[in-house]
Amino acid sequence: MSQTAQERERKLKDAKLFINGEYTDAISGETFDTLNPATNVKLASVANAGEEDVNKAIEVAQRTFESGVWSDMSVEERAKILCKMSDLVMERLNDLAWVETLDVGKPIKESRGFDIPRAAWNLRFFAEMAKYLIHENYEMRNFMSYTKYAPAGVTSLIIPWNLPFMQMTWKASAALAAGNTVVVKPASYTPLSAVMLGEIANEAGLPPGVLNIVTGPGGTVGTAMTTHPYVRRISFVGETTTGKTVMKNAASQLIPVSLELGGKSANIVFEDADLDEAVTGSIEAIYRNQGEICLAGSRLLVQESIYDRFLDKFVKAVQQIKVGDPLDPETDMGALVSRSHLKTVDDYVQIGLAEGAKLAYGGKRITSLGDGNFYEPTVFYDVDNKMRVAQEEIFGPVVVVIPFKTEEEAIRIANDSIYGLAGVVWTNDLRRAHRVAAQVQSGLLWINCWYVRDLRTPFGGAKASGIGREGGRHSFEFYTEAKTVTMKL
């Protein structure tokens, strides 16, 4: 029997709430189903939390924080436990990757080769960095001031469905390393891998109540997590409209927020770029994870002098993308997360056609792969940046190719968007690379590469792409309260 067939025969556990170190049903006893995007068949039942469950989790987190069992523990002791969690994640690499692929629909080679190893690194990186944070110390005549960074308290983390385990550990690792207690809400589409972190936390020796995981609808669970008076930090990843709601909710209790929201990033190819490198990188930037990634280079700006040549190479490369069974290690692109999201993506393709965008490849659901949410990698070209398909986040495997004449025009088009999360520049002109990088309005920008992340650097977006920065010291600045202590000498 092949590995894929064996994996298909394995059974998934039903997912329960994880509160105070124990798995438990929702108080109401209600559940909801999570489906396999590749088949639309039920994977597991998931506890459907209500406001009572959320309040319980937050109150447990508050009592645990006040007890000092975690917040007063030395940073070295906390780091040891988080590093143990990192080791356990890698020991369970295959299981976690399998669950992630089944629940999200992404290729197993991405889950196993990137998402889960990166999650393990998140835990280790923030654990180690916490030991070496620099605390300021200033002297005046007869006085000395120093700064303490105290854990903020109960932290609400609301995680998206596209990279659930990786995003969960990215947020939770820093919050926990800083000494906070955490309540996590995974996305309802993809809760299974996140819930598994509870087992890992228990095995690593994380004290009960430090990490709590609550599954359920955003309207109930998310609202309670962003309005409860015990919550002192909220970190949210998701689309911009929901982010505005989170911010409004948090304002009622003056809770600081970190919001990573939508994107419509410009991927700019200049005439002096290495075309083969730019094509390969641009394919990765839009079709990785089925295009369900906030950092996607979904607006592909190509200089007119190389436009036809680049487009020809790009479309030929797109035709080689293998869409198929996410558990097949040869698959390049899996299934979209849900039937409703599949419809959203297809609706945008129809909008693009109606707007006059030209279709070079793709543009329809793949029915030959059964009842799953498979969609062709799609290329629109000769797109006007004013079109909706160029302005609105599709969050799927759809790229719009836009021609430009000059560097100034490329920058103008790139900035003509409500979003400002990321950008990419392909050029061999060093001066141009840095000129454009300085002028594109985005929180991140890559030159001749894409999706390379150094966890020490700030991560976040400009304009409608978010508020705040996390990563490295920026994460610790957000998840702590800075206190200045001044002493007379």
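Visitor: How many bridges join β14 to strand β15, and which way do the two run?
Guide: In this predicted model, three bridges link β14 with β15, which covers residues 378–381, and the two strands run antiparallel.

Visitor: And what stands opposite Lys 358 there?
Guide: Tyr 381 of β15 does.

Visitor: OK, zooming out. What is the strand order of the open sheet?
Guide: The seven strands go β14-β15-β16-β13-β12-β18-β19, and the pairing is mixed.

Visitor: Switching to helices now. At what angle do α2 and α8 pack?
Guide: Helix α2 (residues 51–67) and helix α8 (residues 218–225) meet at about 30°, and their axes are 9 Å apart. Angles under 35 degrees count as roughly parallel, so α2 and α8 are roughly parallel to each other.

Visitor: Is the crossing left-handed or right-handed?
Guide: Right-handed, as α2 passes α8.

Visitor: Nice. Which residues make the contact?
Guide: From α2 you have Glu 51, Val 54 and Ile 58, while α8 brings Thr 220, Val 221, Ala 224 and Met 225.

Visitor: How do the residues of that α2 contact with α8 divide into nonpolar, polar and charged?
Guide: Five are nonpolar, one is polar and one is charged.

Conventions:
Residues are numbered from 1 along each chain as its sequence is written. This is a predicted model: local features need pLDDT of at least 70, side-chain atom pairs count only at pLDDT 80 or more; totals for chains, interfaces and linings use all residues. Side-chain values use heavy atoms; hydrogens and water are left out. Two strands pair if DSSP finds at least two bridges between them. Helices (H or I, at least four residues) and strands (E, at least two) are DSSP runs, numbered from the N terminus. Axes are lines fitted to C-alpha atoms, for helices over the stretch in contact, and angles run from 0 to 180 degrees between N-to-C directions. Angles under 35 degrees count as roughly parallel, over 145 as roughly antiparallel, 65 to 115 as roughly perpendicular and the rest as oblique. A crossing is left-handed if the near helix is turned anticlockwise from the far one by less than a right angle, and right-handed if clockwise. Contact means heavy atoms within 4.5 Å. Ala, Val, Leu, Ile, Met, Phe, Trp, Tyr, Cys and Pro count as nonpolar, Asp, Glu, Lys and Arg as charged, and the others, Gly among them, as polar.
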